[in-house]
Amino acid sequence: MSRMSRRKLIGTGLAAAAGACGLGVAERVADRYGLIPPDPGGVYGAGETLTYAAQRLLMSRHSLAREFNRSDISKVLPVNGEVPENESYQRLMAGGFADWRLRVDGLIARPVSFSLAELKRLPSRTQVTHQACEEGWSFIAEWTGVPLSYVLNLAGVHPKAKYVAFFPFDVNWDSLDMDDAWHPQTLLAYAMNGEELPAPHGAPIRLRVARQLGYKSVKYLSRITVTDTLRNIGSGLGSISPDIGYSWYAGI
């Protein structure tokens, strides 16, 4: 049986289990195939598991978000949240981020650290995509940056890795599974609409995840950690975490 046929069969089984026996049974089926998201016991429960597992099984791992023309770029570019007020970020911003470094660690063969100039010398991708906020507003913008997959390949990801966690200068850390981390449209973006990324939109570097809602595109990045579990990884940060707040999976 082909990989895709098997995936469809499992997905059909999940849907059937949910319809005939309830979401709890579907969650147990998903667990058998490693399709449980980090927040199955949170406020979204088994329904979150069914949504995440069905999406991962029935859609292509590299299905692309729609890309637009530059003529479609929005005139108004709303901002959600404030620029970090902590001393470290303010000092780096005052210096034009010349001393900023992005550290990549965790389940990798080669821990690495990049300056902004070094990231800009890596292969880049430019895309015009739609950013939708969970609050109901959205905009279209052009983003330029390094594909996250390129950085992960440089670091050498361990086969046991399941998630990539992103830590900013504020408290709003978040994470992706490996499907979205390797996705060709997932960027470490340093430019917006042909100019340096503005501070309110996440300077010097923000994550840009075209296939998920805006809160997954973490701003003000300082560190990336590759891991096999999200348990306690954000302990003490006071942020949205996988077991409270927004749903962990925010696919659109």
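Pro-204 sits in the loop between strand 8 (195–196) and strand 9 (206–208). Strands here are DSSP E runs of at least two residues, helices are H or I runs of at least four, and both are numbered from the N terminus. The peptide bond between Ala-203 and Pro-204 is cis, with omega about 5°. This is a predicted model: local features need pLDDT of at least 70, side-chain atom pairs count only at pLDDT 80 or more, and totals for chains, interfaces and linings use all residues. Residues are numbered from 1 along each chain as its sequence is written, and side-chain values use heavy atoms, with hydrogens and water left out.

Phe-97 has phi near 60°, a positive value in a residue other than glycine. Its loop runs between helix 4 (87–94) and strand 1 (101–106). Phe-97 is buried, at 10% relative accessible area. Buried means under 20%, exposed over 50%, and partly exposed in between (1.4 Å probe, protein chains only). Tyr-220 also has positive phi, near 60°. Tyr-220 lies in the loop between strand 9 and strand 10 (221–227). Tyr-220 is buried, with a relative accessible area of 1%.

## Thr-129

Thr-129 belongs to strand 3 (residues 125–132). Thr-129 is buried, with a relative accessible area of 1%. Its side chain makes a polar contact of 3.3 Å with that of Arg-208. A polar contact is a pair of N or O atoms within 3.5 Å; within protein, one must be able to donate a hydrogen and the other to accept it, and residues adjacent in sequence count only if both atoms are side-chain atoms.

Beyond neighbours within four places in sequence, Thr-129 is in contact (heavy atoms within 4.5 Å) with residues including Arg-66, Phe-68, Trp-143, Gln-185 and Arg-208.

## Second largest pocket

This pocket has a volume of about 420 Å³. Of its 24 lining residues, Asn-80, Asn-172, Gly-214, Tyr-215 and Lys-219 are the closest to its centre. On a 1 Å grid over the protein atoms alone, a pocket is an open set of points where a 1.4 Å probe fits, with protein on both sides within 12 Å along at least five of seven lines; lining residues have an atom within 4 Å of a point. Grid points are joined across faces, edges and corners, and the volume is the space filled by probe spheres set on the points.

## Whole chain

The protein chain has seven helices and 10 strands. Of its 252 residues, 49% count as buried.
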